[in-house]
Amino acid sequence: MTLINDTHIEVNNLSFCRGERKIFDDLSLTIPRGKITAIMGPSGTGKTTLLKLIGGQLTPDQGSISVDGEVVHTLSRRRLFELRAKMGMLFQSGALFTDMTVSENVAFPLRVHTDLPDSVIGDLVLMKLNAVGLRGASELKPAELSGGMARRAALARAIALDPDFLMYDEPFAGQDPIAMGVLINLISHLNRALGHTSVIVSHDIQETLSIADYVYLISDGKVLAQGAPDQLNGSEDPRVEQFMKGRPDGPVPFHYPAQSFEEQLFGGSQ
Amino acid sequence: MIQLLQKLGAKSVNRVAAVGRAGQLLSQSLIAKPAPMTMLPLLVRQLYFIGVLSLVIIIVSGLFIGMVLGLQGYTILVDYGSEQAVGQMVALSLVRELAPVVTALLFAGRAGSAVTAEIGLMKATEQLASYEMIGVDPMRRIIAPRLWAGFISMPLLSMIFAIVGIWGGSLVAVDWLGIFSGSFWANMQASVSFSEDVLNGVIKSLVFGFVVIWIAVFQGNDCVPTSEGISQATTRTVVYSSLAILGLDFLLTAMMFGDF
């Protein structure tokens, strides 16, 4: 395991339930500053929920999450919003503001958090849109963009303020191979050049592992495995191996917990 | 039996919790450091969507209700030879009751449902979460301008409704049925008191506006973020608002005019 000296985010003994269902059970992990950390795991393990907990949009049932040494869920509302101004988040759906054009969306964080003149904001927006290949789409409304384009525009907005810490929720989903390559380079470049701390939640194993410094594999509310990408690729744990190689059969169930198929199928006729 | 009690208890707890959340929403959105430079453009935009775009339905309804009042009033009063009092009847009915109540009902249907659906959809598409993560409080940016726009628009719309209604009444009574315009307006002027009738009507419309827009933003913000959830929240806005308007109208009327 890599020795983590400078911790940016620390999750301690986190438990979180949605109704009766336990999403996290005594989960602990640390996210190092200035590195790209990938959080992976089967669908429904609460990876997006973890990002929302880090961002203070949800409150843990037990345990704590600290960002820069501050326990997120104990912060006052004002302080929480100040902390969020230093974070960037790329939502799975993009979550662009539908009443604004693409360029207005990207300019929005700059307008509310800085006193920069309009001309400078305009230049910054152009740069960010150029980085994601959407300079030509600046005057389009979000409804006119495809899913992949909307996510790229949302990425431009997330990086508009050059935040200290970026959370990417499925950044590669729905991207064509060219856009995928550009995004991988962009995320990697942002991290190396500006020293952002990045957390990527993704199912695209090869793409994510190609840029991640450290990987957490989460399953059943706990950390199943962690380490550098090579360590996980070479893991002999059958559960890790099944996920990393995408095998349908193995100890990690594909099906959501249910009674046996046979019983359910023939139960009514017997 | 125990299960029934449990369900009843859970429902009651949910209702009380919802009232608490609605109060929290109100305090979080309204109690804050004033930021006129940011708030003013947002407020003007919402005044347009909530107030100006409701004008057509308010004016048309006001006109027809005033005309119907004029006609009905004339038909009844003419039997007693008191048709000159139509103006007084139309004005008092409108100013005291119909303008605030009907405007609020129309307002709930036109603007309230639109506000709920808009906020609900913003929640479903994670736009509210996105504001939060950018470090902008959606309570201040989204909820507060809509609340203020509702408070401001409703009394103005109610006044416009009353004015157009009275004009509609005069169209029927004076221009069509031939009542002497001097007695129509003089009777009205003599019997409508500003401090009792007009002011009480304005107070009613302020209360209704507050309740309707509060219900609308709360239902939008509290809805289950799915298409079904938004549809249910929109329905709840119209139903709860209408019931609240009618219930409160009785209470307010009893308080204002009940000292017999």
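Ala, Val, Leu, Ile, Met, Phe, Trp, Tyr, Cys and Pro count here as nonpolar, Asp, Glu, Lys and Arg as charged, and the others, Gly among them, as polar. The model is predicted, so local features need pLDDT of at least 70 and side-chain atom pairs count only at pLDDT 80 or more, while totals for chains, interfaces and linings use all residues. Residues are numbered from 1 along each chain as its sequence is written, chains are lettered from A and ligands numbered from 1 in the order in which they are written, and side-chain values use heavy atoms, with hydrogens and water left out.

Chain B has nine helices and zero strands (helices are DSSP runs of H or I with at least four residues, strands are runs of E with at least two, and both are numbered from the N terminus). Along the principal axes, the C-alpha atoms of chain B fill a box of roughly 65 × 55 × 35 Å.

Two packed helices are described by the angle between their axes and the distance between the axes. In chain B, the axes of helix α8 (residues 194-222) and helix α9 (residues 227-257) come within 9 Å and cross at roughly 155° (axes are lines fitted to C-alpha atoms, for helices over the stretch in contact, and angles run from 0 to 180 degrees between N-to-C directions). That makes α8(B) roughly antiparallel to α9(B), a term for angles over 145 degrees. The crossing of α8(B) and α9(B) is right-handed (the near helix is turned clockwise from the far one by less than a right angle). The contact of α8(B) with α9(B) has 15 nonpolar, five polar and five charged residues.

The whole structure contains two cavities of 30 Å³ or more (on a 1 Å grid over the protein atoms alone, a cavity is a set of points where a 1.4 Å probe fits but cannot get out, and lining residues have an atom within 4 Å of a point). The largest cavity has a volume of about 120 Å³, a volume being the space filled by probe spheres set on the points, which are joined across faces, edges and corners. Its lining consists of 14 residues, with A:Met87, A:Gly88, A:Arg157, A:Ala158 and B:Ile134 nearest the centre. By class, that lining has 10 nonpolar, two polar and two charged residues. The second largest cavity has a volume of about 40 Å³, and the residues that line it include A:His8, A:Met87 and A:Phe165.

The largest pocket has a volume of about 1,100 Å³ (a pocket is an open set with protein on both sides within 12 Å along at least five of seven lines). Of its 30 lining residues, A:Gln57, A:Leu58, B:Lys123, B:Glu132 and B:Asn221 are the closest to its centre. The lining of the largest pocket divides into 14 nonpolar, seven polar and nine charged residues. The second largest pocket holds about 970 Å³ of space, and its lining has 11 nonpolar, three polar and nine charged residues.

Finally, there are nine aromatic pairs over all chains (rings of Phe, Tyr and Trp, the last by its six-membered ring, pair if their centres lie within 6.5 Å). The rings of A:Phe108 and B:Tyr131 have centres 5.4 Å apart and planes at 80°, so the pair is edge-to-face, a term for planes over 60 degrees apart. This pair crosses between chains, from helix α3 of chain A to helix α5 of chain B.

Note on methods. Parallel < 35°, antiparallel > 145°, perpendicular 65-115°, else oblique. Phe/Tyr/Trp six-rings, centres within 6.5 Å; stacked < 30°, edge-to-face > 60°.
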